[in-house]
Amino acid sequence: MKTVLRIFVYLRRYPALAIAQLTCAILMTVLVIVFPDQVGKVTGDYIPNGNIDALWISVFIMAGAFLATNLFNAIRIILNNTFEQKVIFDIRSDLYAKIQRLPMRWFDNKRTGDVMTRVTEDVTAMERVLIDGIEQGVVATLQLLVVGGFLFFQNPALAAVSMIPIPLLAVGALIYTRKAPDRHRRVRRVTSSMNSLLHDNLDGIQQIKAFTREEAELTRFNKSSNAVRDATLHLMKAWAAYNPSMEFLRNIGYVLAVGYGGYWVITSGDGTLESRGGVLTAFLVTLSLFYEPVNRLNQLNQIVQGGRAAGERVFEIIDADEEPDLDEGELLPRPVKGNVVFNGVTFSYGDEESPTLLGVDIQAEAGQTIALVGQTGAGKSTIINLLTRFYEYEGGKISLDGIDIRDLKKSSLRGAMGYVTQESFLFNGTVRENLEIAKPDATDDEMWAALRAANAESFVREFSKDLETNVGERGVKLSVGEKQRIAISRVILKNPPLLLLDEATASVDTETEKLIQDALETLMTNRTSFVIAHRLSTVRNADRIYVMDHGKVIEEGTHDELLARDGQYALLCRKSLIAEGELS
Ligand code: ADP
């Protein structure tokens, strides 16, 4: 129930729209009783008394009431949809804003498809609770009260008899509602699982084709899709048992009304037989207007239960803990020099027995290039993850220009850094849009200068629309080397005092390699650089090399010092774990 109430908080943003919409719905509801009232008068009074003039007036009243009802309905539909779209927009916007503020740890444990399902489908399902809650819920309840009252006004005894099934309907609804959340949660869960699988497979379609996994993946997808079918059918089975049972009870209400009403018309002494017949006819028409909202409330219950399960998933994101210091913290004093010190830093991604980093000491003076080398899994990327505060270090201290990075506002810290990842990520947009990420107000000249410095100018000029060329989803329209150079020019444009570079291991042809290497050297000049190095040329030029193993720094020094020491570093070089193998 708490979830449902939280959903209703979104109403507060649009009180005028909600009230206007409700007013239309209420007016429509009130007008509902005009027709049965007139039918009662026509059959019970005007026809027996041969009053043709009154009959025509009645016809106009009924037509007018229907016209007004539908006019209000038209306005209500427009208001309803406006309201609906505004609320969906707000929830999605809140959700996306929140997602961007969540820590990397959160993303580690979530599948992209699942998050996408929450933002798209779950928000829509959740919003239905609001729209239908007001629309159907309030109006149906109101209609129930107005029409119910009118039934008692028409004939209290008949009204009481025809409402005998109501307590049973209430008990049925209660039983159904208690079990429904689990069924709906299951549908949401398996749907999300199917979407996640689909997302993964589309992302990895090349691998699926390369390993000719099409059949196997189809089987896996069908299994997931089947889970959605089963969960939905399970839900529908319960609904199939519940809804017709409730319908049956409603029908019993009519049967009781006709039975008891017929008996009353035959045996009662009130008025004439015709007038009693008129009362019964009007009563039966009114009764159908009484039981119709009961049906709507049942349907609404189904929507609310679905929305509640979806709402839980949406609020799970909204309630998640954000990254600390996104808005608060010190600003980095300018100009940033780029002195970085790791002092006995420890860190663990999870509850593993051995920490990922253990007592790491690293010192980088302003403008120096620090190379991190070591086998896969040694903890090199983790060092960068901690420096950017994608993850928060747990023990020891990391400082930048003498300030503990934990005291810094994150945007200020990250603003001082440029990060070139191994697989350069380009957004699906134009070259210009990808460059603007680094500097939104960059001029064309600045962009071309950055591209030139990254050895990317010539191929961008060759594109038919140069800066306006679309690089395609994940940059698939460009070669690996081209993507890398655009990514490098993006960082050149940002011009950060601190550079974090995960050197690409993907092989490109020697000429491109040289172009990229030159671009990186340009990039590293005059800034503190942390490089996860895979190439000998990089480590050779580094001011200091840190050799990592199982989360610890086991050796440090320059290339020559470390070779002379003939330790782990020399061994790594011999085993060509550092690429190129040009060590002589
Ligand atoms: P390297 O960059 O030297 O290859 P990493 O720093 O990426 O090594 O990884 C160090 C260890 O931390 C590895 O055992 C790796 O499996 C683990 N690890 C890396 N990233 C995560 C993560 N997001 N969640 C849990 N464990 C991780």
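Domain bounds here come from an automatic or database domain assignment. On that basis the chain splits into domain 1 (2-318) and domain 2 (335-416 + 540-584). The C-alpha centres of domain 1 and domain 2 are 59 Å apart. This is a predicted model: local features need pLDDT of at least 70, side-chain atom pairs count only at pLDDT 80 or more, and totals for chains, interfaces and linings use all residues. Residues are numbered from 1 along each chain as its sequence is written, and side-chain values use heavy atoms, leaving out hydrogens and water.

**Helix packing**

- Helices (H or I, at least four residues) and strands (E, at least two) are DSSP runs, numbered from the N terminus.
- Helix H4 (residues 52-100) packs against helix H11 (residues 273-318) at an angle of about 40°, with the axes 9 Å apart.
- Axes are lines fitted to C-alpha atoms, for helices over the stretch in contact, and angles run from 0 to 180 degrees between N-to-C directions.
- H4 and H11 are therefore oblique to each other; angles under 35 degrees count as roughly parallel, over 145 as roughly antiparallel, 65 to 115 as roughly perpendicular and the rest as oblique.
- H4 contributes Ile91, Leu95, Lys98 and Ile99 to the contact, and H11 contributes Val314, Ile317 and Ile318. Contact means heavy atoms within 4.5 Å.
- By class, the contact of H4 with H11 has 6 nonpolar, no polar and 1 charged residues. Ala, Val, Leu, Ile, Met, Phe, Trp, Tyr, Cys and Pro count as nonpolar, Asp, Glu, Lys and Arg as charged, and the others, Gly among them, as polar.

**Nonpolar cores**

- A nonpolar core is a set of buried Ala, Val, Leu, Ile, Met, Phe, Trp, Tyr and Cys residues joined through side-chain atoms within 4.5 Å.
- Buried means under 20% relative accessible area, exposed over 50%, partly exposed in between (1.4 Å probe, protein chains only).
- The largest core has 42 residues, of which Val460, Ile488 and Ile545 touch the most other members.
- A second, separate core of 33 residues includes Ile362, Ile370, Ile398 and Ala416.

**Single residues**

- Threonine 430 sits in the loop between strand S6 (417-420) and helix H14 (431-436). At 13% relative accessibility, threonine 430 counts as buried.
- Setting aside residues up to four places away in sequence, threonine 430 touches Leu467, Glu468, Thr469 and Asn470.
- Arginine 128 belongs to helix H6 (residues 112-154). Arginine 128 is partly exposed, at a relative accessible area of 27%.
- Beyond its neighbours within four places in sequence, arginine 128 contacts Glu84, Gly133 and Ile303.
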